Each structure stands twice: as structure tokens, then as C-alpha cells.
Amino acid sequence: MLMWIEQLQAARVLKGNKFMFWIEMEKPEGTRMPKWQRSAAISDEGIVFVPAAIAGDEQEVFLCANFDGTPITNYLKHLFVPAEWLAKEFPETKEVCDIISSKVKEIHASSGESDLN
């Protein structure tokens with residue numbers, strides 16, 4: 001089960017002509033989990049982006065997302081795709097995607113950033 005740790009840092013970043021609200025979670029004690037694995041984003045449209053690597057192979061996820069015309073972004077040299085799309089196309093990721101989406105939306109709503117859209 002994924003343990004979601006309290007928010008460490010959040011930033012509103014301009015990507016192209018759209019803003020992405022990035023959230024980085026604290027590193028679990030005793031782990032070497034890199035920052036990109038502890039990050040997720042929500043777009044101005046309310047789409048939650050999660051690391052494509054959740055499904056295993058980033059390249060496979062990239063090819064599938066690209067074929068489907070699914071929006072893709074990158075952060076710290078890693079791919080991020082919509083959580084809803086990843087959960088649908090890679091069903092084994094559904095539980096993790098749902099947990100991340102819920103927490104990202106909660107943090108975004110409580111930050112006051114959602115009022116800026």
C-alpha cells in the first residue's frame with residue numbers, strides 16, 4: 001500500500017502556455033527515492049499527472065500515450081502522464097493512481113492555487 005506523506009514543496013510552473021501545479025512529497029526515511037518519483041502535478045484543467053514509471057517501462061507508456069494522443073509532460077527528465085489515462089491503460093496502476101490523484105487534488109484545493117484558474 002502506498003503511504004502518502006505530507007507535502008514538502010509545491011510550485012506553480014509555466015509549461016508552454018499552461019500552468020502546472022507540482023507537488024513534491026517528503027522522502028520516506030531510509031530510502032533513496034529520487035525527487036521525480038515523489039512528484040506529481042495538476043494542470044489548470046484539473047488533470048493530475050503522475051510518473052509514467054508507475055507502470056514500469058517509461059518508454060512503453062510514452063509510446064502508448066503518444067499513440068492515443070494523450071498529453072505528456074516531463075519533469076526532472078522523466079515522463080508524466082494523466083493518472084486517469086494510466087489507470088485505464090495499465091489497470092495494475094489504478095489503486096496507486098487513485099491515491100495520488102486524490103491527494104494531489106486535496107493539496108491543490110487547500111493551497112488556494114485552484115482559485116487562480
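## Helix 3

Helix 3, which runs over residues 94-111, has 18 residues and reaches 26 Å from its first C-alpha to its last, close to the 26 Å expected at 1.5 Å a residue, where the expected span is 1.5 Å times one less than the number of residues. Its buried residues (under 20% relative accessible area, with a 1.4 Å probe and protein chains only) are Cys97, Ile100, Ser101, Lys103, Val104, Ile107 and His108. An α-helix has 3.6 residues a turn, so residues three or four places apart point the same way.

## Model and confidence

This is a predicted model, in which local features need pLDDT of at least 70 and side-chain atom pairs count only at pLDDT 80 or more, while totals for chains, interfaces and linings use all residues. Residues are numbered from 1 along each chain as its sequence is written, and side-chain values use heavy atoms, with hydrogens and water left out.

The pLDDT, the predictor's confidence in each residue from 0 to 100, averages 83 over the protein, and 79% of the residues score at least 70. Confidence is lowest in strand 1 (residues 7-15), at a mean of 48, and highest in helix 2 (residues 83-89), at 97. Over residues 1-10 the pLDDT is below 50, although this stretch has 29 contacts in the model beyond near neighbours in sequence, a contact being heavy atoms within 4.5 Å. Where pLDDT is low, the predicted coordinates should not be read in detail.

## Overall fold

The protein has three helices and six strands, taken from DSSP runs (helices H or I of at least four residues, strands E of at least two) and numbered from the N terminus. Along the sequence they follow the pattern β-β-β-β-α-β-β-α-α. Of the 117 residues, 37% count as buried.

## Nonpolar cores

A nonpolar core is a set of buried Ala, Val, Leu, Ile, Met, Phe, Trp, Tyr and Cys residues joined through side-chain atoms within 4.5 Å. The largest has 21 residues, and those with the most contacts inside it are Val50, Val61, Val81, Trp85, Leu86 and Val104. Two or more residues come from each of strand 2 (18-25), strand 3 (39-43), strand 4 (48-51), helix 1 (58-68), helix 2 and helix 3. Apart from this core lies another, of seven residues, among them Trp22, Trp36, Phe49 and Phe80.

## Threonine 70

Threonine 70 is found in the loop between helix 1 and strand 5 (73-75), and is buried, with a relative accessible area of 13%. Leaving aside neighbours within four places in sequence, threonine 70 is in contact with Ala65, Pro82 and Trp85.

Definitions and conventions. Buried < 20%, exposed > 50% of the residue type's maximum accessible area, 1.4 Å probe, protein only.
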